[in-house]
Every structure is written in C-alpha cells, then in structure tokens.
Amino acid sequence: MKKIITLSVFVFMLSCATNPFTGKKTLAFVSNAQLFPTAFAQYDQFLTESKVVTGTAKAEMIKRVGERIAVAAERWLDANGQQGYLKDYKWEYNLVNDPAVNAWCMPGGKIVFYTGILDVAQNETAIAAIMGHEVAHALANHGQQRMSAAYIQQGLSVVGNIAITDAKSRQAFNQYYGVGSNVLGMLPFSRKHENESDKIGIYLMAIAGYNPDEAAELWKRMGARSNGQAPPEFLSTHPASATRVKNLQAEAATAKSEARKFGVTQFRPIKNF
C-alpha cells in the first residue's frame with residue numbers, strides 16, 4: 001500500500017504543467033500532443049452530424065469575433081514571455097443551428113456556438129464575452145486538467161478497494177465515494193475552471209476591443225432566463241449567475257487596464273443584432 005501511495009505521488013509530481021495565465025501548477029496526465037488530434041477528429045465528426053450555418057451575417061460574426069479573440073490571446077501570451085504557446089492550436093469557429101443556449105471549445109481551439117445562445121447574447125460584444133470564456137478554457141488546458149482529475153478520481157477508487165479488505169466496509173466506501181468525490185472534488189474543480197475562464201476571457205475581450213462591462217450584463221440575462229430553476233451552486237459544474245455577475249463586475253476595471261497596455265483605449269459600440 002505504501003508503495004502504491006509513493007508511486008502515485010511521484011506520478012502526480014511528474015504530471016504537472018504551469019498555467020501561463022495564473023502561474024500555478026496544473027494537472028497534465030495527458031499531453032496536448034495526445035489530446036489535440038483526438039479533439040480535432042471529434043470536432044470534425046460533430047460537424048458532419050450537425051447543421052452548420054454558413055454564409056450568414058451571424059455565422060461570419062462568430063468567425064470574426066473568434067479571430068479577434070485569438071489574436072488578443074497571442075498578443076497577451078507573446079507580451080508575457082509565452083511566444084509559440086499557440087503553435088499547435090488550430091482555431092476554428094462554427095455556428096450550428098441548434099436551440100440549445102450553449103457554446104463550447106474543445107482542446108486545441110475548436111469552437112462551436114449554437115444559434116440558441118444568440119438571443120441571450122443580443123449583441124456582438126456579448127458574443128465576444130462568450131468567445132473569450134471558451135477560448136480561455138482551451139488556453140488554460142482545462143480539458144486536459146478535467147481528464148487528469150478523472151484519472152485521479154478513478155485511481156483513488158481503485159486504491160480504496162485494494163486497501164479496504166472488509167467486504168462490508170468496501171461496499172460502504174463504493175456507495176459514498178462517487179457522490180463525495182463529485183460534490184467535494186470534481187464539481188468545485190469544474191467551478192474553479194469556469195471562474196478562471198471568466199477572468200481570462202474578460203481580459204481577452206478587452207484586448208480585442210470589446211467592452212468588458214458587457215460580460216456581467218450577459219450573465220444577468222443568463223440568470224433571468226433560468227427563472228430561478230438552476231441547481232444550488234455546490235451541486236453544479238458552473239458558478240451561480242449571481243456569482244459570475246459579481247466577479248465579472250469586479251474584474252472589468254482591471255480588464256480595461258490590461259487592454260490599455262496593448263493600446264486599446266476605446267471599445268467597439270454595443271449594438272443589438
């Protein structure tokens with residue numbers, strides 16, 4: 001048992017990367033060299049099975065905003081000593097005809113917006129807030145970290161079953177471990193990623209020339225849309241809308257200050273679609 005624990009700690013120490021945005025060590029049991037090709041293939045497969053919107057003003061807007069956010073990310077990374085960080089990223093931005101209020105980004109920069117989120121966004125600046133958030137997930141390697149955390153969750157389950165020899169105690173462990181590890185481990189881990197992406201994203205949208213004040217307004221609309229039906233924050237993968245609004249309002253001034261470092265002193269006007 002001691003050998004298993006020692007080996008696990010050793011593997012954990014070797015399987016960390018540094019997040020360039022936070023300077024903190026992050027889990028990296030799976031390398032991007034392994035993860036990106038799989039993500040790209042899954043993205044291509046998704047597009048073949050979906051109704052991709054092309055040639056419309058809104059589809060072009062998604063691509064335009066995405067490209068501006070990607071340029072902002074590269075400028076920020078280059079200015080902070082991370083030249084070449086994005087060399088393996090393959091940015092792609094698509095609008096899919098689907099009523100779901102959702103957008104996502106796969107590892108390596110493959111992004112999808114669903115048409116259902118456009119009515120809540122209402123304007124290009126809000127699209128930039130969403131895009132910045134999704135791009136931030138990719139830049140901070142959150143997919144890599146979630147996969148690594150899942151490996152730890154599974155590994156601890158195996159260790160527990162090996163260490164607990166009494167059948168009744170093992171049954172109790174298995175009964176409570178799944179719920180406990182999710183509520184106390186995986187869900188807070190996911191919420192941390194969401195908060196981190198909100199912060200990085202609001203900086204990126206500001207550097208790209210979009211007013212960061214709109215990010216909080218977007219989440220006010222998101223909160224109103226839920227009509228109080230969202231689950232309690234501690235049982236959710238995402239922070240509550242009110243939490244996000246508060247955090248984004250607190251970050252807006254710093255995001256504007258960061259944008260000024262890149263010569264951005266005015267933002268594009270906010271106009272509804």
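Helices (H or I, at least four residues) and strands (E, at least two) are DSSP runs, numbered from the N terminus. The model is predicted: local features need pLDDT of at least 70, side-chain atom pairs count only at pLDDT 80 or more, and totals for chains, interfaces and linings use all residues. Residues are numbered from 1 along each chain as its sequence is written, and side-chain values use heavy atoms, leaving out hydrogens and water.

View 1. A pocket is an open set of points, on a 1 Å grid over the protein atoms alone, where a 1.4 Å probe fits, with protein on both sides within 12 Å along at least five of seven lines; lining residues have an atom within 4 Å of a point. Of its 15 lining residues, T22, N195, E196, K199 and I200 are the closest to the centre. Helices α7 (167-207) and α9 (241-260) each give two or more residues to the lining. The largest share, eight residues, comes from α7. By class, six lining residues are nonpolar (Ala, Val, Leu, Ile, Met, Phe, Trp, Tyr, Cys, Pro), six are charged (Asp, Glu, Lys, Arg) and three are polar (the others, Gly among them).

View 2. A salt bridge puts a side-chain nitrogen of Lys or Arg within 4 Å of a carboxyl oxygen of Asp or Glu. By this rule the count is ten. R244 pairs with E194 at 3.5 Å, N to O. This pair joins α9 to α7 across 50 residues of chain. R244 also pairs with D198, with the closest N and O atoms 2.9 Å apart. Here the partners, again in α9 and α7, are 46 residues apart. R244 and E194 are buried, as is D198; buried means under 20% relative accessible area, exposed over 50%, partly exposed in between (1.4 Å probe, protein chains only).

View 3. E217 and K220 meet with their closest N and O atoms 3.1 Å apart. They are three residues apart in α8 (residues 213-226), so about one helical turn separates them. E217 is partly exposed, at 32% relative accessibility. K220 is also partly exposed, at 39%. Elsewhere, salt bridges with shared partners join R64, R68 and E124 into one network.

**View 4. Helix α5 and its ends.** The 16 residues of α5 (124-139) should span 22 Å at 1.5 Å a residue, and the end C-alpha atoms are 22 Å apart, which agrees. Of these 16 residues, 16 are buried, so α5 is largely enclosed by the rest of the structure. N123 caps the N-terminal end: a side-chain oxygen lies 3.1 Å from the backbone nitrogen of T125. Just after α5, N141 takes a positive phi of about 55 degrees.

How values were computed. The expected span of a helix is 1.5 Å times one less than its number of residues. A polar contact is a pair of N or O atoms within 3.5 Å; within protein, one must be able to donate a hydrogen and the other to accept it, and residues adjacent in sequence count only if both atoms are side-chain atoms.
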